[in-house]
Amino acid sequence: MNYWLMKSEPDCFSIDDLKRVKVEPWDGIRNYQARNMMRDDMKVGDKALFYHSNASKETGVVGVMNIASEAYPDPTQFDPKSDHPDPKSDPENPRWLLVDVKFAEKLPRTVTLAELKTKKTLHKMRLLQKGNRLSIMPVKKAEFDYIIKLSAK
DNA sequence: GCCAACGTTGGC
DNA sequence: GCCAACGTTGGC
(Lines give C-alpha, C1' and ligand atoms only; values in the text may rest on other atoms or scores of the structure.)
Protein backbone atom coordinates (compact mmCIF):
# COMPACT_ATOMS: atom_id res chain seq x y z
CA MET A 1 0.00 0.00 0.00
CA ASN A 2 1.14 3.54 -0.78
CA TYR A 3 0.67 6.67 1.28
CA TRP A 4 0.06 10.16 -0.02
CA LEU A 5 -0.49 13.76 0.89
CA MET A 6 -3.00 15.77 -1.11
CA LYS A 7 -3.44 19.52 -0.85
CA SER A 8 -6.59 21.51 -1.15
CA GLU A 9 -7.42 25.08 -0.30
CA PRO A 10 -10.12 24.86 2.39
CA ASP A 11 -11.94 27.87 0.92
CA CYS A 12 -12.30 25.79 -2.21
CA PHE A 13 -12.79 22.26 -0.84
CA SER A 14 -12.20 21.37 2.81
CA ILE A 15 -12.13 18.22 4.92
CA ASP A 16 -15.64 19.14 6.13
CA ASP A 17 -16.82 19.26 2.54
CA LEU A 18 -15.39 15.79 1.96
CA LYS A 19 -16.98 14.52 5.15
CA ARG A 20 -20.33 15.74 3.88
CA VAL A 21 -20.12 14.33 0.35
CA LYS A 22 -18.17 11.17 1.36
CA VAL A 23 -16.64 10.64 -2.10
CA GLU A 24 -15.25 13.32 -4.39
CA PRO A 25 -13.47 13.36 -7.75
CA TRP A 26 -10.18 15.13 -7.01
CA ASP A 27 -10.26 17.34 -10.09
CA GLY A 28 -8.17 20.28 -11.21
CA ILE A 29 -4.71 18.68 -11.07
CA ARG A 30 -2.73 20.36 -13.85
CA ASN A 31 0.78 19.25 -13.05
CA TYR A 32 2.48 16.42 -14.91
CA GLN A 33 4.34 15.00 -11.93
CA ALA A 34 1.16 14.84 -9.88
CA ARG A 35 -0.75 13.34 -12.78
CA ASN A 36 1.87 10.67 -13.33
CA MET A 37 1.75 9.65 -9.70
CA MET A 38 -2.03 9.28 -9.87
CA ARG A 39 -1.76 7.31 -13.07
CA ASP A 40 1.18 5.07 -12.23
CA ASP A 41 1.40 4.69 -8.49
CA MET A 42 -1.98 5.27 -6.88
CA LYS A 43 -4.03 2.19 -6.11
CA VAL A 44 -7.55 1.81 -4.80
CA GLY A 45 -7.27 1.53 -1.03
CA ASP A 46 -4.16 3.68 -0.69
CA LYS A 47 -4.32 6.18 2.15
CA ALA A 48 -3.85 9.92 1.83
CA LEU A 49 -3.46 12.78 4.25
CA PHE A 50 -5.78 15.69 3.53
CA TYR A 51 -3.79 18.92 3.73
CA HIS A 52 -5.26 22.41 3.93
CA SER A 53 -3.02 24.77 1.98
CA ASN A 54 -3.29 28.53 1.85
CA ALA A 55 -5.63 28.35 4.80
CA SER A 56 -6.88 31.52 6.42
CA LYS A 57 -7.05 29.70 9.76
CA GLU A 58 -4.59 26.83 10.07
CA THR A 59 -2.43 25.40 7.32
CA GLY A 60 -1.72 21.74 7.92
CA VAL A 61 -2.90 18.14 7.91
CA VAL A 62 -6.57 17.82 8.84
CA GLY A 63 -7.73 14.37 7.89
CA VAL A 64 -7.36 11.02 6.19
CA MET A 65 -8.96 9.68 3.07
CA ASN A 66 -8.79 6.60 0.90
CA ILE A 67 -8.13 6.45 -2.80
CA ALA A 68 -11.40 5.15 -4.22
CA SER A 69 -10.73 4.75 -7.96
CA GLU A 70 -8.08 4.25 -10.56
CA ALA A 71 -7.05 7.37 -12.46
CA TYR A 72 -9.52 8.45 -15.15
CA PRO A 73 -9.89 11.54 -17.33
CA ASP A 74 -10.71 14.77 -15.50
CA PRO A 75 -13.89 16.09 -17.16
CA THR A 76 -13.22 19.67 -16.04
CA GLN A 77 -10.38 20.02 -18.55
CA PHE A 78 -12.98 20.07 -21.35
CA ASP A 79 -15.39 22.43 -19.59
CA PRO A 80 -14.69 26.04 -20.57
CA LYS A 81 -16.59 27.18 -17.48
CA SER A 82 -14.49 25.16 -15.06
CA ASP A 83 -11.63 26.66 -13.09
CA HIS A 84 -9.00 24.85 -15.13
CA PRO A 85 -10.06 24.27 -18.72
CA ASP A 86 -7.34 23.06 -21.08
CA PRO A 87 -8.29 23.76 -24.70
CA LYS A 88 -5.17 21.94 -25.86
CA SER A 89 -6.18 18.64 -24.32
CA ASP A 90 -7.44 16.13 -26.88
CA PRO A 91 -10.69 14.37 -25.85
CA GLU A 92 -9.42 11.26 -27.64
CA ASN A 93 -6.32 11.30 -25.50
CA PRO A 94 -7.03 13.41 -22.40
CA ARG A 95 -4.06 15.12 -20.87
CA TRP A 96 -5.34 15.36 -17.31
CA LEU A 97 -6.53 12.66 -14.94
CA LEU A 98 -8.11 12.46 -11.53
CA VAL A 99 -8.91 9.87 -8.89
CA ASP A 100 -11.90 9.60 -6.59
CA VAL A 101 -11.16 10.01 -2.91
CA LYS A 102 -13.27 8.75 -0.03
CA PHE A 103 -13.58 10.29 3.42
CA ALA A 104 -11.98 8.21 6.17
CA GLU A 105 -11.58 10.46 9.19
CA LYS A 106 -11.14 13.99 10.38
CA LEU A 107 -8.19 14.24 12.75
CA PRO A 108 -8.94 15.25 16.36
CA ARG A 109 -6.96 18.41 15.65
CA THR A 110 -5.05 20.08 12.84
CA VAL A 111 -1.39 19.14 12.73
CA THR A 112 -0.04 22.45 11.50
CA LEU A 113 2.74 23.02 9.05
CA ALA A 114 4.62 24.97 11.74
CA GLU A 115 4.48 21.91 13.99
CA LEU A 116 5.56 19.48 11.27
CA LYS A 117 8.62 21.64 10.68
CA THR A 118 9.79 21.16 14.27
CA LYS A 119 9.89 17.36 14.07
CA LYS A 120 13.19 15.67 13.30
CA THR A 121 11.36 12.54 12.18
CA LEU A 122 9.77 14.51 9.37
CA HIS A 123 12.74 16.54 8.17
CA LYS A 124 12.95 14.59 4.93
CA MET A 125 9.28 14.96 4.06
CA ARG A 126 8.73 16.28 0.59
CA LEU A 127 6.18 18.71 1.93
CA LEU A 128 8.84 20.45 3.99
CA GLN A 129 11.44 20.81 1.25
CA LYS A 130 12.07 24.34 0.09
CA GLY A 131 10.07 25.49 -2.90
CA ASN A 132 7.87 22.45 -2.95
CA ARG A 133 4.68 23.09 -4.90
CA LEU A 134 3.40 19.64 -5.70
CA SER A 135 -0.24 19.24 -4.77
CA ILE A 136 0.02 15.47 -4.59
CA MET A 137 3.05 13.80 -3.14
CA PRO A 138 4.11 10.47 -1.71
CA VAL A 139 4.53 10.10 2.05
CA LYS A 140 6.39 7.32 3.84
CA LYS A 141 4.36 5.00 6.03
CA ALA A 142 6.45 6.02 9.05
CA GLU A 143 5.75 9.68 8.36
CA PHE A 144 2.06 9.01 7.84
CA ASP A 145 1.76 7.07 11.09
CA TYR A 146 3.76 9.66 13.00
CA ILE A 147 1.46 12.51 11.89
CA ILE A 148 -1.65 10.53 12.82
CA LYS A 149 -0.16 9.87 16.24
CA LEU A 150 0.69 13.56 16.68
CA SER A 151 -2.90 14.52 16.04
CA ALA A 152 -4.04 12.46 19.03
CA LYS A 153 -1.88 14.43 21.45
C1' DG B 1 -1.06 41.57 -0.60
C1' DC B 2 3.75 40.33 -1.21
C1' DC B 3 7.12 37.57 -3.02
C1' DA B 4 10.14 33.43 -3.68
C1' DA B 5 10.24 29.29 -6.11
C1' DC B 6 8.94 26.67 -9.63
C1' DG B 7 6.65 24.99 -14.18
C1' DT B 8 5.32 26.13 -18.79
C1' DT B 9 5.42 28.55 -23.04
C1' DG B 10 7.26 30.23 -27.10
C1' DG B 11 10.76 32.83 -29.82
C1' DC B 12 15.04 32.12 -31.69
C1' DG C 1 17.90 23.13 -27.05
C1' DC C 2 18.32 27.55 -24.61
C1' DC C 3 16.32 30.91 -21.90
C1' DA C 4 13.43 35.01 -20.93
C1' DA C 5 8.86 36.03 -19.87
C1' DC C 6 4.99 34.80 -17.76
C1' DG C 7 1.61 32.40 -14.71
C1' DT C 8 0.79 29.78 -10.54
C1' DT C 9 1.47 28.04 -5.93
C1' DG C 10 1.47 28.73 -1.32
C1' DG C 11 3.65 30.51 3.00
C1' DC C 12 3.73 34.48 5.53
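**Salt bridges in a predicted model**

Me: Arg95: buried, exposed or partly exposed?
Reply: This model is predicted. The relative accessible area of Arg95 is 26%. Buried needs under 20%, and exposed needs over 50%. Because 26% lies in between, Arg95 is partly exposed.

Me: Which residue meets Arg95 in a salt bridge, and how far apart are N and O?
Reply: The contact joins side chains. The partner of Arg95 is Asp86. Asp86 is buried, at 11% relative accessible area. The N to O distance in the Arg95 and Asp86 bridge is 3.2 Å.

Me: Why does Asp74 count as buried?
Reply: Asp74 pairs with Arg30 in a salt bridge, with the closest N and O atoms 3.0 Å apart. Arg30 is partly exposed, at 23%. Buried means under 20%. Asp74 is buried because its relative accessible area is 0%.

Me: How many residues apart are Arg30 and Asp74?
Reply: Arg30 and Asp74 form a salt bridge. Arg30 sits in the loop between strand S2 (23-25) and helix H2 (32-40). Asp74 sits in the loop between strand S5 (72-73) and strand S6 (97-98). The pair links distant parts of the chain, and the separation in residues is 44.

Me: What is the N to O distance between Asp40 and Arg39?
Reply: Asp40 is partly exposed, at 41% relative accessible area. Arg39 is partly exposed too, at 43%. Their side chains meet in a salt bridge, N to O, at 2.9 Å.

Me: How many salt bridges does a search of the whole structure find?
Reply: Arg30 with Asp74 is one of them. Arg95 with Asp86 is another. For the whole structure, the number of salt bridges found is seven.

Definitions and conventions: Residues numbered from 1 in each chain as written. Chains lettered and ligands numbered in written order. Predicted model: local features only at pLDDT ≥ 70, side-chain atom pairs only at ≥ 80, totals over all residues. Heavy atoms only, no water. Salt bridge = Lys/Arg side-chain N within 4 Å of Asp/Glu carboxyl O. Helix = DSSP H or I, 4+ residues; strand = E, 2+ residues; numbered from the N terminus. Buried < 20%, exposed > 50% of the residue type's maximum accessible area, 1.4 Å probe, protein only.
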